[in-house]
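Take a walk through this structure, one part at a time. Keep the sequence and the 3D view side by side.

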Protein chains: 2
Amino acid sequence: MSDSRQIIAGDVPALMRGCAVLGTGGGGEVYTGSLIALDALERYGPVTLTSLAELPGEGLLLPLGMIGAPTVGVEKLPAGDEGSRLRDHLERHTGRRAVAVMSSEIGGSNGLLPIAWAAELGLPLVDADSMGRAFPEVQMAAQYVAGLPLDLIALTDACGSVVLLTPSTPEWGERVSRAVCVSFGGTAAMADYVMTVEAARGAVIEGSVTWARAIGRAVMEADEPVDGLLKAVDGVRLIDGRIVDVERRTTGGFARGSVLVEGLGGDDGRLVRLELQNENLVALEDGEVRASVPDLITVVDTATADAIATELVAYGQRVTVIAFPGDPIWRSDRGLAIAGPRAFGYDFDYRPLERIHARA
Amino acid sequence: MSDSRQIIAGDVPALMRGCAVLGTGGGGEVYTGSLIALDALERYGPVTLTSLAELPGEGLLLPLGMIGAPTVGVEKLPAGDEGSRLRDHLERHTGRRAVAVMSSEIGGSNGLLPIAWAAELGLPLVDADSMGRAFPEVQMAAQYVAGLPLDLIALTDACGSVVLLTPSTPEWGERVSRAVCVSFGGTAAMADYVMTVEAARGAVIEGSVTWARAIGRAVMEADEPVDGLLKAVDGVRLIDGRIVDVERRTTGGFARGSVLVEGLGGDDGRLVRLELQNENLVALEDGEVRASVPDLITVVDTATADAIATELVAYGQRVTVIAFPGDPIWRSDRGLAIAGPRAFGYDFDYRPLERIHARA
């Protein structure tokens, strides 16, 4: 087993699986991200995993990830120099030295690409992220729940353009970042909630990388991968079945749509519909909510428990849909106001997963 | 007569007329801009007109203006603090002190608003601009003709968001700025080609403010305003008539469309069509080009010679369409590549106005 304080190539298979599960369909498909991370680890060597407590407080933290519709990201790959370009511009702009990279969201390839950027920049990777999962919008971050101002976002494309954005509100941060990302061709590399290590302490979700790796290992080590996964994440099996319909469009910088899963075996005759905006947002059955944001809803391959990204779900896939609770901050009043069902335009109140399924 | 080295309230009527003529329909209607300039001159006192030669070379030059569809700008006014916000962010970002404001384009209200910003910031206004007229796109600037890099654009909205953009090419500068401006609601205040005074020397069009004021005065002092205008700008009268059709839409951050002018009096039976993208780009008659960018085409009121902005032209207006040559840099090969007919997607080569009308 590898040193838990380092990320080496041998960690990538577990991380890839864990990040995909935490992506709830979003954050970008993990296969390409895993190849990019492996390539960087081979070229630059292992990445040190650190905590905010160990870093100098006045240093600059780089919370990095890709923004855009994953349906675009699956075809339009990063150029590779995005991380160093964001670092250079942010160091010059803030007059501070970058001391660590962090995943802005641990879900999907956004949990893997920061490994590559950290390796390339020779910086440690903080064992934390801004979401504890993947969310589609820029302002849906733990720092916003913690009440920190969103006063610096940086975006860059594969050609070299750089935008530094100071939005009037976090919601304007999303709106303008999305427009920039669309103008860049549909995806962009982004540093979101750029701040000092000191400001980030207590305001991000710590342990995310270790958590993703643990989920991946549990899946890989289990005889029955889906059972191993459910046990690891304390999850609920929403349905076993196959995908019988996918409606998906790329619009306004997002992938939006719905996926219909028809039950098989013990679930024969059931139909569960997932609604998605990059990530799976809501699971519905017979007009009832079976799970919703901010709880995590993930579609996995029934045989391998590999999570399937929203841009890769397809008719006929044999899947199991699971749901599990995320970081407790999202269940707070403020967390729900920022990333609960109503934040996505749904006209219902959030009910915790356990309560829905205790009743059932 | 006022001191030519100062701009006072008494200069505004002439400047308003001259800027409107140089706007070739674009740069924003001048009435609101003139009220904003008058208000600022009253509150903060006269603005000193200066040249780049008189300013410290290492100081920061702020080339300011509004970007967006003038059809939006006519309803959505600036909040008033855009100039100081851009100055503050740019000083902090570059580590340089702003020493002067310049119009990014002398045409339309973009020739007037910088007076207000200079007054408010207590900075001199450089007697120069980046275009010698108005052009619809960010990269269509004298600095680009001069081969200077476009490495810093700043945009802000009325709510306080700020974007600093370093584009990979000047054309990407236009593309991303336009997307930001649309996300801001259709207009934005912009500092374009932000650079030191030293870098700007020899790379901008000097004398623009004086030129606009001189045009306005010529119109105001002439017995026959249109004749006075034509004499002042060495222009050609394309047609006397009235507007019989306007097709105008706001799309992608621009006002686009066409205007049809039917001849009256000596021009009876003639029809001239203007095509526009914020500015008037081309005048056509019987399928022949009668004038085109980068030469200036302006629709003026036949009685007063007041230029009519593209967002305000309307059916039935009694107008004279004039055309006149702009700054010689636009007729260079590089100038034509950046802002000639082909740069706007037209499949014909530029022919100088004098040559078209010598033949006629």
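How many residues has helix α2 of chain B, and how far does α2(B) reach from its first C-alpha to its last? Helix α2 of chain B covers residues 30–44, which makes 15 residues, and it reaches 21 Å. That is close to the 21 Å expected at 1.5 Å a residue. The expected span of a helix is 1.5 Å times one less than its number of residues. Helices (H or I, at least four residues) and strands (E, at least two) are DSSP runs, numbered from the N terminus.

A word on the model itself. It is predicted: local features need pLDDT of at least 70, side-chain atom pairs count only at pLDDT 80 or more, and totals for chains, interfaces and linings use all residues. Residues are numbered from 1 along each chain as its sequence is written, while chains are lettered from A and ligands numbered from 1 in the order in which they are written.

Back to α2(B). Its buried residues are B:Val30, B:Gly33, B:Ser34, B:Ile36, B:Ala37, B:Ala40 and B:Leu41. Seen down the helix axis, the buried residues of α2(B) fall within an arc of 160 degrees, so they line one face. The arc is that of the directions from the helix axis to the C-beta atoms. A residue is buried if 20 or more other C-beta atoms lie within 10 Å of its own, exposed if 12 or fewer, and partly exposed in between; C-beta atoms are placed from the backbone. An α-helix has 3.6 residues a turn, so residues three or four places apart point the same way. The face of α2(B) turned away from the buried side carries the exposed B:Glu42 and B:Arg43. What covers the buried residues includes α1 (12–22), β2 (47–50) and α5 (113–121) of chain B. After α2(B) comes B:Gly45, with a positive phi near 90 degrees.

Now look at the loops. B:Thr24 lies between α1 and α2 of chain B. Its phi is positive, near 45 degrees, and B:Thr24 is not a glycine. Is B:Thr24 buried or exposed? With 33 C-beta neighbours inside 10 Å, B:Thr24 counts as buried. A:Asp234 is another non-glycine residue with a positive phi, about 55 degrees. A:Asp234 sits in the loop between α10 (225–233) and β11 (236–251) of chain A. A:Asp234 is exposed, with 10 other C-beta atoms within 10 Å.

There is also a cis peptide bond. In chain A it runs from A:Val293 to A:Pro294, with omega near 5 degrees. A:Pro294 is in the loop between β15 (288–292) and β16 (296–301) of chain A.

Step back to the domains. The assignment, automatic or from a database, gives chain A domain 1 (6–208) and domain 2 (224–359). In chain A, 31 residues of domain 1 are in contact with 31 residues of domain 2. Contact means that C-beta atoms, placed from the backbone, lie within 7 Å. On the domain 1 side, α1(A) gives the largest share, four residues.

Last, the two chains. Chain A can be laid on chain B with an RMSD of 0.0 Å by a turn of 180 degrees and a shift of 0.0 Å along the axis. The two copies are thus related as by a two-fold rotation axis. Copies are superposed by least squares on the C-alpha atoms of residues with pLDDT of at least 70 in both. 100% of the interface residues of chain A are also interface residues in chain B, so the copies meet through the same surface.

Terms used:
Contact = placed C-beta atoms within 7 Å.
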